[in-house]
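Here is a short briefing to read with the structure open beside you.

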Amino acid sequence: MEILTTKNLTKIYGKGDTAVTAVDHLDLEIRKGEFTAIVGASGSGKSTLLHLLGGVDTPTKGQVFLEGTNIYKLNDEKRSIMRRRKIGFVFQTYNLVPVLTVEENIKMPVLLDGNEVDQTKIDHLLNMLGLTERRNYLPNQLSGGQQQRVAIGRAVVNQPSIVLADEPTGNLDKKNSDDVINLLLKAVHETEQTLVLITHEMDIAAMADRIIHLEDGKIVNDTGKRRGERTKKQP
Amino acid sequence: MIQANAVVKEQRNNHKNQSNDVVKKWEEISMKERKKISMKKLSGLTFRYMRYNRKRTLTTLVGVILSAILIYAVFGGGYSIYYNQSYDAYKNSTGWDAEFVCDGETAKELLALAGTQNKEYHVENAWIIQYNVDGNPVLPWGYVSDFSAMPEQFHLTSGVLPKNENELIVSREFALAEELDIGDEYTVSYLLHPDAEILTRDDMVTETKRVCGIFRDDYSLDRMGMNGEADCSKFVLMPQEAYTDIEIPVYIRFDDRNDMEEKAENLAAGFSIDDFRVSELARSINISIENNAPFLGTILLLAFVIECLTLLIIRNAFNISIHERNKDYGILRCVGMSRRQIIYCILTEAFWLALTGVLLGILFGHILISVVFGIVKRLAYVSFTLEMHFFRQAFLMTILFVFIGTAYAMVAPIEKLYRLNPIAAMNRRSTEKKRNYKIKPNRGRFLTKKFGFEVGYAYKTAWRSKGRFLVSVITLTIGTALFVGLNNSFDMSTAPIQEFVHSQSIRNLYMNSITYDEANSVRQDLLKMDAVKGVEIYSVLNVYGREEGDGGKCYLGLSRELYQRFNNQDADTDMVCNVEVIPVTKQDLSEKLTDKIPHIGDEYGNFDFYVYSLDENQGMIDMEKYQELLGDEEIEISSTGYSMAAEMNLSKSMNQIDRYCMANNINFSGSGDYAAVQDAKGTMIMIDCILVVFLIVFVVNMINIECSQLLLRRKELDVLRTIGMAKKQIGKMLYAESLLVSVLAWLIGSLIGCLLSFGWYLVNRFLLSTDMKFFHLHISAWSILIPGILLTIAAVLTVVIAREEE
């Protein structure tokens, strides 16, 4: 069953002669539980696509359905609620809130929802991410790899339907990169979440159930599109 | 195909239904969740940010506090001055709230209520002041049942107020005439008969009492409202019990002045008094400022101007604060924070800043105004009351103004956040509308050639960021223009006060039958006093011409300048007939200007005029010597004694001089209404205080604006550093930019300020029909130079602060 569908999704930056089509009439379906890797050259529209899928950017044309709901038909309030409950983001530059500690950063989506925090769950997540010792540290007191782990924790804490990761290993060395990917896969596997990941690294992409090649905002290759159930890959 | 279409259609319907269900569900959840959302948690985030950006938070808070201080100063100070004026009018005339005319026995009962804190009648104090306006043969006298009820009304130059019935106080003039001093005994005659009418001569009592104090007649009696009703210069005041069986007015002061009519009616009913009234002046104290539209309008206008100025500080600080957090808000938006929640965070921050700022501002403002009032009282010895009071209206108005101001300052940041693109914010990309800048390739070439690349780049930056540059220039221009305009307008408006103060500083001391040596000895004594700047001895000669009515006065030995101030008119040496005054000074003679001045025996026009010549040693010619010179001339000389013109230092107390003159039988006069002078000086000091406060706001504003503009360009500066620009070069560039803004703002602001001053002059001349004798167009160079210097300092400080933050 598709969890995420796009119809004729288009994003054009600028106007007239300077107009750039970042995403070009793109139709895409992401199945539940699927690990999809999006690859492509710089400027091919990968990040723009991911932002559009996550509802943080506005398409010029087309729709994005998340669990059957056209997210761009929702008002800001509803879209924000949807984002905090249904979508988890992991960015290349971590993007943690600098004034909050590791634990508070992870809890943030739960707190924004006004829910009580399940401390056992947070402890478990911190333990899994190897951050128990550093739960009270501020982001600037952590290494890149640790910060990215916090970002993964924040992305999965609400058990969203889909996790969107934009080159999560782009700023990390090989060892940290492997750690982060493994943790990400482990986290989404544990909670049976769908993962869409943008990467330049083919060995990471190779771990995915499905690889989508983007070029000039269009899908030029979609391998494993009909592969059905995701191959369980243990980290 | 049809089947496929049907499947697609079904899928779409399913999607639609599912979508509707989900939306419905979310709506439900949203409503529930919204209730559940703990605002406490978001507030926690806000406080975390406030702590994290301590510097910025503090800057904003300082802006709010400054705003609150100034606004409270305007409202609190204005309300207090208004209240003090009303209270002074009340206190200086009578000091009572209600008057009850009753017989002696009832009067005694009423007097007994004083100081007992009688809750039934709310009496704080009660007393009798009775005075005899018929001074012959009985001395003009008065009796006061309780001097302590209004001690401020008896301005004693020496001694103390009477404490028992055997003591009395006398006016200074009376003391001089009767040669009385403290401790002397004096016999007074007054009426004391149960059946007697108070103002008849019968049934007089003669008693000997001790003089315990000497009061200033011109001051005290005027304050008691007795001037004009009796020969107050010969007045004796003594304590006295109430009479019996005669109608006596008893004055009552209530514990507060609320519902005075009701209290007076209750009191009158309780004591069966028909003749009573409530003081109009006491009633006027309770008339609120809101009933005085011009006063309230002035205060509101002033508060509004201050609000506009301080608003810029708050707005800038908050703008930067939010700008620095843009990335974080982008992240928070990505993880699901709604716009509403972000705005809630901002408003929470604004609320707490406004609340803390306004409370601290009111506290500091209250202290500041109390201190300013204290300084004014200390420097100017003002006769009016200057006390800071707490007024609920001032408190509420300050809160209202500060909250409105802060809310307004939030509008722009909130608007920006509403339009915030999370991705752009996270990547620190500007979300501002992109403009096509058309910069001429040659722009700045001259500056580059002349002053180096950095200055040329600074100039180009100004053109490139025209909007931002103009905001700085316009803001600083407004400040400069307001300063120049206000300064000169105040100067023009206070010119009559300044002139008045200047002219009032001369005191004329008269001594009868005194020799030059004696006069010189007095002069030496006076010169030792702090309050005396200088003393000139002179003699007045009245000269009578041949024809009746012709004549004049010669002020011999008095300097021309002092003469002019003394008499408030020009000294006319080019005399024509019937000109009354001619100063003839030693200097005039030594400079051989005597051809313009008639000499003894000279004929001038149709009028013989005779002038003393000046003795080189004494400054004045000896009388006998003059008699020899006169011969048979038909001239009558009416004055030969010496007088002194003493220039006073009005910032000092005159009490010392008063006492000295009294002790030495020296009469003094002069145009000097010293109380009025002190009041005028007080007004000027207060105006100066306003300008000083304005200057502080102006400087803080300048630094704040320019710093904020530089901080917004931090990324650009980082890039320049990265590509190899040295710190020194960046510094030079920044100095050039800041100075460019300052110089432009100064030039335009000064021009507008001068126009404002001219406008104020025209308004006074043609619309307000101001007395133009003293009101002249005046634009001081200092008023233009001061902002120039401040702008330069601010430009340098800005760069220093910005670089430090960098």
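A:Phe65 faces A:Asn70 of strand S5(A) across the pairing in this predicted model. The points below start with the sheet around that pair, then turn to a residue of a helix in chain A and to a helix in chain B.

**The sheet in chain A**
- Strand S4 (residues 61-66) and S5(A) are joined by two bridges and pair in the antiparallel sense.
- Four strands make up an open sheet in chain A, in the order S2-S1-S4-S5 and with antiparallel pairing.
- Strand S2 (20-31) and strand S5 (69-70) of chain A are at the edges with a single partner strand each, so one side of each has no neighbour in the sheet.

**A:Leu185 and its contacts**
- Helix H6 of chain A, residues 174-190, contains A:Leu185.
- With a relative accessible area of 9%, A:Leu185 is buried, because buried here means under 20%.
- Leaving aside residues up to four places away in sequence, A:Leu185 touches A:Phe35, A:Leu195 and A:Met207.
- A:Met207 is 22 residues from A:Leu185 along the chain, and their C-alpha atoms are separated by 9.6 Å.

**Helix H14 in chain B**
- Twelve residues, 453-464, form H14 of chain B.
- From first C-alpha to last, H14(B) reaches 16 Å, close to the 16 Å expected at 1.5 Å a residue.
- Buried residues in H14(B) include B:Glu454, B:Val455, B:Gly456, B:Tyr457 and B:Ala458.
- Further along H14(B), B:Thr461 and B:Ala462 are buried too.

Key. Residues numbered from 1 in each chain as written. Chains lettered and ligands numbered in written order. Predicted model: local features only at pLDDT ≥ 70, side-chain atom pairs only at ≥ 80, totals over all residues. Heavy atoms only, no water. Expected span 1.5 Å × (residues − 1). Buried < 20%, exposed > 50% of the residue type's maximum accessible area, 1.4 Å probe, protein only. Pairing = 2+ DSSP bridges. Contact = heavy atoms within 4.5 Å.
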